[in-house]
Amino acid sequence: MKNSNSTFLVFGATGRTGQHFVSIALKEGHKVKAMVRNPEKIKIQNINLELIEGSITNYEKRSNKV
């Protein structure tokens, strides 16, 4: 069976578990879209990582791409 790559949407990507998940997903060749309140907390840089600055509890900040 052919391994297909997926795109994951991650909330909480700056936390311990979130960063671990993002790292694993990217290493396996997946794309990741991560909503973060503070983009400076993400130490991972990857062509397949898209950061979206905002909060799921604050509508005005949801559409600001980093």
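Strand 2 and strand 3 (residues 49–53) pair in the parallel sense over five bridges. Two strands are said to pair if DSSP finds at least two bridges between them. The model is predicted, and local features need pLDDT of at least 70, side-chain atom pairs count only at pLDDT 80 or more, and totals for chains, interfaces and linings use all residues. Residues are numbered from 1 along each chain as its sequence is written, and side-chain values use heavy atoms, with hydrogens and water left out.

Helices (H or I, at least four residues) and strands (E, at least two) are DSSP runs, numbered from the N terminus.

Strand 2 also has a partner in strand 1: the two run parallel and are joined by five bridges. Phe11, for example, has Met35 in strand 2 as its bridge partner. Together with helix 1, strands 1 and 2 make a right-handed β-α-β unit. A crossover is right-handed if, with the strands pointing away from the viewer, the path from the first strand over the helix to the second runs clockwise.

The loop between helix 1 (16–27) and strand 2 (31–36) contains His30. Is His30 buried or exposed? His30 is buried, because its relative accessible area is 9%; buried means under 20%, exposed over 50%, and partly exposed in between, with a 1.4 Å probe and protein chains only. The side chain of His30 reaches the backbone nitrogen of Ser6 at 2.9 Å. Across the 66 residues of the chain, 27% count as buried.

The next feature concerns aromatic rings. A pair of aromatic rings is described by the distance of the centres and the angle of the planes. The structure holds one aromatic pair. The rings of Phe8 and Phe21 have centres 5.4 Å apart and planes at 85 degrees, so the pair is edge-to-face. The pair links distant parts of the chain, with Phe8 in strand 1 (residues 7–11) and Phe21 in helix 1, 13 residues apart. For rings of Phe, Tyr and Trp (its six-membered ring), a pair requires centres within 6.5 Å; planes under 30 degrees apart count as stacked, over 60 as edge-to-face and the rest as tilted. Phe8 counts as partly exposed because its relative accessibility is 30%, and Phe21 counts as partly exposed at 36%.

Lys27 lies in helix 1 and is exposed, because its relative accessible area is 72%. The C-alpha atoms of Lys27 and Asn46 are separated by 9.6 Å, and these residues are 19 residues apart along the chain. Lys41 is found in the loop between strand 2 and strand 3, and counts as partly exposed at 49% relative accessibility. Which residues does Lys41 touch, not counting residues up to four places away in sequence? Lys41 touches Thr14 and Gln19, where contact means heavy atoms within 4.5 Å. Lys41 and Gly15 are 26 residues apart in sequence, and 8.7 Å apart in space, C-alpha to C-alpha.

Contacts can also be counted over the chain. Among those between residues at least 6 apart in sequence, 25% join residues at least 24 apart.

Methods. Polar contact = N/O pair within 3.5 Å; in protein donor to acceptor, adjacent residues only side chain to side chain.
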